[in-house]
Amino acid sequence: MDAFFASVEQRDDPWLRGKPVAVGGSRERGVVAAASYEARKFGVHSAMPSVIAKRKCPDLIFVKPRFEVYKEISQQMRAIFAEYTPIIEPLSLDEAYLDVTENLKGISSATEIAEQIRARIRSETNLTASAGVSYNKFLAKLASDHRKPDGLFVITPKMGPTFVEILPVRKFHGVGPATAAKMMSLGIETGLDLKAHSLAFFQEHFGKSGPYYYWIARGIDERPVRADRIRKSVGAENTFAADLFTFDAARAALQPILDKVWRWCENAGTHGRTVTLKVKYADFQQITRSRTAASPFATRAELERQSFELLAHLFPVAKGVRLLGVSLSSLDEERTNEKPQLSLGL
């Protein structure tokens, strides 16, 4: 979907149309959850602190998120997808991979299916979607970003390798800012630079991710579209109105975060054995600390104790804490194959 949260707000409030809109908190401690294309022209983007976004775009209009509305629209889109294929792998509320090789309507052209789905979404939700069509997930994802907003782009097998060669590595799906910076330090700026190196080189410098980078540089991605993808982790976090400086204050602030994580575990009938504490300081430095138990945490009290022990090692602090988060991983895989991966941010 195109600027999904922001586009929903502009759809539902005509006064917001054509104006720079940010979905999120406008307070000094707020964070942008989504930005309209009018706001993006000023350099505003998701995950940006609201105070910086306002500095970049003084006329920016902040709107509180309405996640129940976004989820309802997401379900509408999922229903449309399901008319074409049961092989749907959601990435978030507004994005998914579809395998239409053998589709329910017997349509021989994947491009035609993409066109039909985009038209249905526009007709039924009054929102626009962009689609990427290709022969593997990596290239389909690249294609989906190529003609945004309201675009459709196809990367054929003949085009694939060349398309990858000219693309900056920072635009590769799966290459985050830290990995892009590391690649740049190694003299790798484009897909062609990526392709020049051996598999052994990537394994040496990027470990388990090395083979993925080696093959995508050649336009090769054998990952299947996985319906009912196994969830790997669940987490929640919160940014505070004022920095925290004491262990007692941080411990109290962690309680509702632990409540949310544990509530999901109870509802899903799933528990994890690795707890990770996330801390972001006032200067935006971020650290994580993890601990893995021999078996999944059976009670909230056990999760709380491990989380507090991780937290205690960080105090006293030299600078304030602006965000805390807790996530659980190494989930009981036998029970986690029915839920798509959704954010649990507070």
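Let's start inside the sheet of this predicted model, where Thr 276 stands opposite Ser 327 in S11. The two strands concerned, S9 (residues 272–281) and S11 (residues 321–331), run antiparallel and are joined by 9 bridges.

Stepping back, S9 and S11 belong to an open sheet of 4 strands, ordered S8-S11-S9-S10 and paired in antiparallel fashion. Which strands stand at the edges? They are S8 (233–244) and S10 (286–292); each has a single partner strand, so one side of each is left without a neighbour in the sheet. On average, and ignoring direction, neighbouring strands here are turned by 15 degrees against each other.

Two helices accompany this sheet, H12 and H13. Here is how they sit on the strands:

| Helix | Residues | Strands involved | Direction |
|---|---|---|---|
| H12 | 247–268 | S8, S9 and S11 | about 155 degrees to S8 |
| H13 | 300–312 | S9, S10 and S11 | about 40 degrees with S9 |

Now for a helix pair elsewhere in the chain. Two packed helices are described by the angle between their axes and the distance between the axes. For H4 (residues 67–82) and H5 (residues 110–125), the axes come within 10 Å and cross at roughly 145 degrees. The crossing of H4 past H5 is right-handed. On the H4 side, the contact is made by Ile 73, Gln 76, Met 77, Ile 80 and Phe 81; H5 contributes Ile 117, Arg 120, Ile 121, Glu 124 and Thr 125. Sorted by class, this contact holds 6 nonpolar, 2 polar and 2 charged residues.

Note on methods. Residues numbered from 1 in each chain as written. Predicted model: local features only at pLDDT ≥ 70, side-chain atom pairs only at ≥ 80, totals over all residues. Heavy atoms only, no water. Axes fitted to C-alpha atoms, helices over the stretch in contact; angles between N-to-C directions. Left-handed = near helix turned anticlockwise from the far one by under 90°. Contact = heavy atoms within 4.5 Å. Nonpolar A, V, L, I, M, F, W, Y, C, P; charged D, E, K, R; others polar. Pairing = 2+ DSSP bridges.
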